[in-house]
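User: I am new to this one, and I would like someone to walk me through it. Could you start with the charged pairs and then move on to the rest?

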Amino acid sequence: MSTDINKQFEDALKKEGVSLAEDAAADLAEEIYPLGTVVDLKKNRLAGIPGIEEIKEFRVVIIQRFAHEEGKPFYHTYGGVIYPVGTMGFDTVIYFGGDMIENVIQEGYKDDQDEAFVYLMKKELIVEKGLHSRKTGE
């Protein structure tokens, strides 16, 4: 199904004569995992978090996608909470991009409505607003 979305983007851009920078093209092609997906994040990218070296896996459940703060030139591909703890009454969300994902444990539910949402968000953020996904270290 993601291939269909990427093909639609490619066709739409060709019609409009839009040329994209390499980053934008990569963001358009990036597979976006559905809500509820459980992933392990790369621990080597989380240096500085106390006790991170003692944790076997840094597991997160995706609860948000395409988080954008006005005035910033980027968006966060994902927002998640620590598995199995969740938020525990706190509003603690970990923001990360696809480059931080080491392993997908369980993919969440995806249907045509989800794919349409991803298409529209990529169109708005990448094509129309010219934003890019925030990578580790930015």
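**Charged pairs, core and helix**

Analyst: This is a predicted model, and the structure holds seven salt bridges. One of them joins the side chains of R59 and D40, with 2.7 Å from N to O. Because R59 lies in strand β2 and D40 in strand β1, that pair ties together parts that are 19 residues apart in sequence.

User: Is D40 buried or exposed?

Analyst: D40 is buried, since its relative accessible area is 6%, and buried here means under 20%.

User: Which parts of the chain does the R65 and D114 pair link?

Analyst: The side chains of R65 and D114 meet in a salt bridge at 2.6 Å, N to O. That pair links distant parts of the chain, with R65 in strand β2 and D114 in helix α3, 49 residues apart. R65 is buried at a relative accessible area of 9%, and D114 is buried as well, at 12%.

User: And what about K110 and E107?

Analyst: Their side chains form a salt bridge of 3.3 Å, N to O. K110 is partly exposed, with a relative accessible area of 27%, and E107 is likewise partly exposed, at 33%. Elsewhere, salt bridges that share partners join D40, E57 and R59 into one network.

User: OK, changing topic: how many helices and strands are there?

Analyst: The chain has three helices and six strands, and read along the sequence they follow the pattern α-α-β-β-β-β-β-α-β.

User: How much of the chain counts as buried?

Analyst: Of the 138 residues in the chain, 35% count as buried. The chain exposes about 8,500 Å², and carbon and sulfur atoms supply 52% of that area. If you take contacts between residues at least 6 apart in sequence, 64% of them join residues at least 24 apart.

User: Which residues touch the most other members of the largest nonpolar core?

Analyst: That core has 21 residues, and those touching the most other members are V39, L41, V60, F66, Y78, F96 and I101. The elements that give two or more residues to this core are α2 (22–29), β1 (38–41), β2 (58–67), β3 (74–82), β4 (94–96) and α3 (112–128). As general background, nonpolar side chains in soluble globular proteins tend to be buried together.

User: Take V60, then: what is it in contact with, leaving aside neighbours within four places in sequence?

Analyst: With those neighbours set aside, V60 is in contact with T37, V38, V39, L41, G80, V81, Y83, I94 and F96.

User: Let's go to α3. How many residues does it have, and how far does it reach?

Analyst: Helix α3 has 17 residues and reaches 22 Å from its first C-alpha to its last, which is close to the 24 Å expected at 1.5 Å a residue.

User: Which residues of α3 are buried?

Analyst: The buried residues in α3 are D114, E115, V118, Y119, M121, K122, L125 and I126. In general, an α-helix has 3.6 residues a turn, so residues three or four places apart point the same way.

User: And what is there at the start of α3, and just after it?

Analyst: At the start of α3, a side-chain oxygen of D111 reaches to within 3.1 Å of the backbone nitrogen of Q113. Just after α3, G130 takes a positive phi of about 70°.

Technical notes
Residues numbered from 1 in each chain as written. Predicted model: local features only at pLDDT ≥ 70, side-chain atom pairs only at ≥ 80, totals over all residues. Heavy atoms only, no water. Core = buried A, V, L, I, M, F, W, Y, C linked by side-chain atoms within 4.5 Å. Buried < 20%, exposed > 50% of the residue type's maximum accessible area, 1.4 Å probe, protein only. Helix = DSSP H or I, 4+ residues; strand = E, 2+ residues; numbered from the N terminus. Contact = heavy atoms within 4.5 Å. Areas by Shrake-Rupley, 256 points an atom, 1.4 Å probe, with all protein chains shown as cover. Salt bridge = Lys/Arg side-chain N within 4 Å of Asp/Glu carboxyl O. Expected span 1.5 Å × (residues − 1). Polar contact = N/O pair within 3.5 Å; in protein donor to acceptor, adjacent residues only side chain to side chain.
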